[in-house]
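Dear colleague,

Please find below the structure that I am handing over to you, followed by an account of what was found in it. I would be grateful if you would read the two side by side.

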Amino acid sequence: MKKLIRNGTIVTASETYKGDILIDNEKIVALGKDFKEEDVAEVIDASGCFIFPGGVDPHTHLDMPFGGTVTRDDFDSGTVAAAHGGTTTVIDFCLSEKGKSLNNAINTWHEKSQDKAVIDYSFHLMIGEITAEVLDELPSVIEEEGITSFKVFMAYKNVFQADDATLFHTLIKAKELGALVMVHAENGDVIDYLTKEALAKGQTEPIHHALTRPPAAEGEATGRACQLTSLADSQLYVVHVTCEQAVKQIDEARKSGADIWGETCPQYLVLDQEVMRQSNFEGAKYVWSPPLRDKEHQEVLWNALKIGALQTIGSDQCSFDFQGQKDLGREDFTKIPNGGPMIEDRMSILFSEGVAKGRLSLNQFVDITSTRAAKLFGIYPKKGTISVGADADLVIFDPEVKRTISADTHHLAVDYNAFEGMEVKGQPKTVLSRGKTIINDQIFVGSNGDGQFIKRAKYGEVLQEQTVQ
Ligand SMILES: NC(=O)NCCC(=O)O
Ligand SMILES: [Zn+2]
Ligand SMILES: [Zn+2]
């Protein structure tokens with residue numbers, strides 16, 4: 001069945017132009033003008049709107065057990081909310097367990113996602129230890145499962161934290177096999193020390209989560225991960241970068257020729273640590289790791305996106321209800337489940353605060369929210385661009401609509417929104433996933449199970465040309 005999107009302004013990471021998009025079933029089959037309407041079953045009018053490639057969110061935690069509970073949003077509500085926000089692909093973190101096979105973890109994640117996801121998805125695989133069994137399994141993870149990125153945590157001592165030997169060995173194997181290593185870069189041992197010290201002094205409120213995870217602990221771990229990457233002659237992607245200290249380490253390593261990439265998240269661009277001091281335990285809504293920073297780091301992050309020192313924006317979606325889940329840490333901030341709900345507002349915030357306020361160009365917006373992640377994680381040009389042969393994952397975005405973000409109107413299951421009350425300009429109006437309309441005039445019309453698992457290309461098989469200015 002053919003569809004035609006007419007009268008929109010098509011925006012990719014490299015071009016902005018008026019044009020029409022012809023879709024046949026799941027694919028874009030032509031771009032241009034003057035297509036005959038009688039040949040198509042449906043015409044969508046995009047007058048006054050931008051047409052972006054569907055967003056690629058490279059950092060989500062859906063249906064993830066963590067902190068003694070499980071994230072409130074799963075592959076159903078999480079992907080529905082993502083679609084409303086203009087994201088048509090998510091790459092979720094598949095957690096492995098020490099002593100259990102990697103295959104077991106991957107199967108668990110397939111079970112969580114396959115009948116629920118409304119948009120396409122893939123997984124990164126967590127590596128917590130390197131054993132003979134893990135080494136045995138890694139080639140098939142890449143070749144058969146198409147999972148070509150590994151995640152190593154340098155924090156969460158006694159939970160997910162891996163030691164430097166594990167990180168180094170993972171970097172070496174990744175280079176050999178064609179995978180990209182991702183790190184959560186905070187010094188978990190230092191944080192453990194500072195946390196125990198705070199609790200011993202009776203400092204139990206949410207703000208102490210931030211105060212015991214200082215920027216220097218992120219800067220140190222980021223620098224260490226960069227050095228180990230250079231030593232292994234490997235490739236690295238640093239997730240959720242929050243502060244000047246970490247940006248500096250990534251920037252310097254890149255300038256010295258290292259193959260290193262950095263992601264930040266919307267929350268670090270627009271919220272600061274002060275919100276964690278709110279009374280009545282409200283600060284717990286903002287407990288995630290790394291923590292929110294002082295305001296001055298925000299402009300550093302915006303500038304890093306602008307000049308290409310950071311290249312992507314992930315949501316780090318990892319939601320826990322305020323009532324009943326964040327509550328677990330009322331008496332002790334270390335028991336507050338870490339994470340927040342960001343999947344739906346990732347692109348709106350970047351457009352409104354980035355493009356509409358003149359910090360980023362339209363093409364940079366597309367590169368940062370979609371194209372770059374598609375390239376780094378081996379799904380480009382199927383995803384991440386508007387070109388003939390690409391999947392028809394498209395966002396018809398009205399740049400003039402103004403709305404106020406609220407838990408009353410969001411599409412997540414979680415009971416609060418971290419950006420509550422924030423005014424944003426611009427909103428996805430209609431969203432297509434592989435040619436099928438899943439959001440129609442802001443109404444969800446997709447179906448659970450329509451999202452497909454994507455096997456990804458190896459790292460290095462997709463050309464990584466320079467960032468967009
Ligand atoms: N970010 C966070 O607090 N929760 C999700 C897990 C992680 O990314 O560290
Ligand atoms: Zn993390
Ligand atoms: Zn995360």
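Helices (H or I, at least four residues) and strands (E, at least two) are DSSP runs, numbered from the N terminus. The structure is a predicted model, in which local features need pLDDT of at least 70 and side-chain atom pairs count only at pLDDT 80 or more, while totals for chains, interfaces and linings use all residues. Residues are numbered from 1 along each chain as its sequence is written, and chains are lettered from A and ligands numbered from 1 in the order in which they are written.

Domains

The domain assignment, with bounds that come from an automatic or database source, divides the protein chain into domain 1 (2-52 + 387-400 + 424-444) and domain 2 (54-376). Their C-alpha centres are 31 Å apart. Between them, 20 residues of domain 1 are in contact with 23 residues of domain 2, contact meaning that the C-beta atoms of two residues, placed from the backbone, lie within 7 Å. On the side of domain 1 that touches domain 2, strand S16 (394-404), strand S17 (423-433) and strand S18 (436-440) each supply at least two residues. The largest share of that side, seven residues, comes from S17.

UniProt, in an unreviewed entry, lists residues 50-437 as "domain: Amidohydrolase-related"; its positions are given in the numbering used here, feature names are shortened, and annotations may be inferred rather than shown by experiment. Over residues 50-437 the chain is 35% helix and 19% strand, with end C-alpha atoms 16 Å apart.

Strands are said to pair if DSSP finds at least two bridges between them. Strand S1 (residues 2-11) and strand S2 (residues 16-24) are paired in the antiparallel sense over eight bridges, and they form a hairpin with four residues between them. Gly-8 stands opposite Gly-19 in S2. S2 also pairs with strand S3 (residues 27-32), again in the antiparallel sense, over five bridges; there Leu-22 stands opposite Ala-30 in S3. The hairpin of S2 and S3 has two residues between the strands, and Asn-25 takes a positive phi near 55° in it.

Gly-19 counts as partly exposed, because it has 17 C-beta neighbours inside 10 Å. By the cut-offs used, a residue is buried if 20 or more other C-beta atoms lie within 10 Å of its own, exposed if 12 or fewer, and partly exposed in between, with C-beta atoms placed from the backbone. Leaving aside residues up to four places away in sequence, Gly-19 touches Ile-10, Leu-31, Gly-32 and Lys-33.

The parallel sheet

An open sheet of eight strands has the order S6-S9-S10-S11-S12-S13-S14-S15, with parallel pairing. Strand S6 (55-60) and strand S15 (312-313) stand at its edges with a single partner strand each, so one side of each has no neighbour in the sheet. Within the sheet, two bridges join S10 to strand S11 (residues 149-153), and these run parallel. Leu-125 has Phe-150 in S11 as its bridge partner.

Helix H2

The twelve residues of helix H2 (residues 102-113) should span 16 Å at 1.5 Å a residue, and the end C-alpha atoms are 17 Å apart, which agrees. The expected span is 1.5 Å times one less than the number of residues. Which residues of H2 are buried? They are Leu-102, Ala-105, Ile-106, Trp-109 and Ser-113. Seen down the axis of H2, the buried residues fall within an arc of 95°, so they line one face of the helix; the arc is that of the directions from the helix axis to the C-beta atoms. They pack against strand S9 (87-94), strand S10 (120-126) and helix H3 (132-143). The face turned away from the buried side of H2 carries the exposed residues Asn-104 and Glu-111.

Backbone details in the loops

Two cis peptide bonds may be noted:

- The bond from Ser-289 to Pro-290 is cis, with omega near -10°, and Pro-290 is found in the loop between helix H9 (266-270) and helix H10 (296-307).
- The bond from Tyr-380 to Pro-381 is cis, with omega near 5°, and Pro-381 lies in the loop between helix H12 (362-376) and S16.

Positive phi values also occur in residues other than glycine. Asp-233 has phi near 50° and lies in the loop between helix H7 (215-232) and strand S13 (235-238). Asp-233 is exposed, with 11 other C-beta atoms within 10 Å. Gln-442 has phi near 70° and lies in the loop between S18 and strand S19 (443-444). Gln-442 is partly exposed, with 16 other C-beta atoms within 10 Å.

With kind regards
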